[in-house]
Amino acid sequence: MLHGFTGSPRTVRPWAEYLAAAGLSVLVPLLPGHGATWRELAATGWTDWYGAAEQAFAEISARCEQVFVAGISMGGCLAFRLAETQGDRISGLVVVNPSLAGDNPLIPLTPVLKYVIRALPSIGGDIKKPGALEGAAKKTPVASVATLPKMWKTTAAELASVTQPLLVFRSTVDHVVGPASMKVLTAALPGAEVRALDNSYHVATLDNDAPEIFDGSLAFIQKHSIAKQNG
């Protein structure tokens, strides 16, 4: 299970705990540079985060007969990239508000902008539910943002090759990941099952619709598990 850009395992902890309580083995890696200061995050990029995701996949694959990958936002993009590279070693994907493209017109300028402006306001905490806190980085490092377009391009180029069972949760109101990402997803995977979340913003795993995500992802995993099929 993969958290998003500037976030941490805290973003998905209730989701992970729900699945673990149902008897599943769950691994939630802290991606490089995350969970600390924005300056530490600025020293990392998408290849570092993907490398950590690959390492976590190898670790849990060594312990479990069957592996599903889940992720939110950038973690959703990393999940898709894992599906592209690992093929049938992954039994299914569950993604929440996956980030697959940039909507902000400033993003293409970040390779130059990073030399002028080191950080932008935080993108964390886009939650509708009162009192829910994500604990994301207090600022968004421009140097790290500058690596995102390559991640999106690399993943989008092979997205149509993803044949594993897929479940997508998408907030109808999302102030972080705009409609461009869903256009990329549905163009490459027109048959994808997309479930709308009408009462949550971007960090839906901590928002009002979290129970729907938790229940839906568990049912999805159970449906596509070997034990279920053999039973």
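Helices (H or I, at least four residues) and strands (E, at least two) are taken here as DSSP runs and are numbered from the N terminus. The structure is a predicted model, in which local features need pLDDT of at least 70 and side-chain atom pairs count only at pLDDT 80 or more, while totals for chains, interfaces and linings use all residues. Residues are numbered from 1 along each chain as its sequence is written, and side-chain values use heavy atoms, with hydrogens and water left out.

Thr6, which lies in the segment before α1 (13-21), has a phi of about 75°, and with a relative accessibility of 3% it counts as buried (buried means under 20% relative accessible area, exposed over 50%, and partly exposed in between, with a 1.4 Å probe and protein chains only). Ser73, placed in the loop between β1 and α4, has a phi of about 60° and is likewise counted as buried, at 10% relative accessibility.

Helix α3 comprises 16 residues (46-61) and reaches 22 Å from its first C-alpha to its last, close to the expected 22 Å, where the expected span of a helix is 1.5 Å times one less than its number of residues. The buried residues of α3 are Trp46, Trp49, Tyr50, Ala52, Ala53, Ala56, Phe57 and Ile60. Because these residues cover an arc of only 155° around the axis, they are on the same side of α3, the arc being that of the directions from the helix axis to the C-beta atoms. The face turned away from this buried side carries the exposed residues Thr47 and Gln55. The packing partners of the buried residues of α3 are α2 (38-42), β1 (68-72), α4 (74-86), α6 (142-145) and α7 (148-157), with contact defined as heavy atoms within 4.5 Å.

Two packed helices are described by the angle between their axes and the distance between the axes. Axes are lines fitted to C-alpha atoms, for helices over the stretch in contact, and angles run from 0 to 180 degrees between N-to-C directions. For α3 and α4 the packing angle is about 60°, with the axes 10 Å apart, which makes α3 oblique to α4 (angles under 35 degrees count as roughly parallel, over 145 as roughly antiparallel, 65 to 115 as roughly perpendicular and the rest as oblique). The crossing of α3 and α4 is right-handed; a crossing is left-handed if the near helix is turned anticlockwise from the far one by less than a right angle, and right-handed if clockwise. On the α3 side, Trp49, Tyr50, Ala53, Glu54 and Phe57 meet Met74, Leu78, Arg81, Leu82, Thr85 and Gln86 of α4.

Helix α4 also packs against α7, at an angle of about 40° and with the axes 10 Å apart, an arrangement that makes α4 oblique to α7. The crossing of α4 and α7 is left-handed, and in it Met74, Cys77, Leu78, Phe80, Arg81 and Glu84 of α4 meet Leu148, Met151, Trp152, Thr154 and Thr155 of α7.

Contacts between parts of the chain separated in sequence were examined for two further residues. Ala42, found in helix α2, is partly exposed at a relative accessible area of 21%, and its C-alpha atom is separated by 8.3 Å from that of Thr140, 98 residues apart along the chain. Not counting residues up to four places away in sequence, Ala42 touches Pro141, Ala143 and Ser144. Pro165, found in the loop between α7 and β5 (166-171), is partly exposed at 28%, and, leaving aside neighbours within four places in sequence, Pro165 is in contact with Ser91, Gly92, Leu93, Phe220 and His224.
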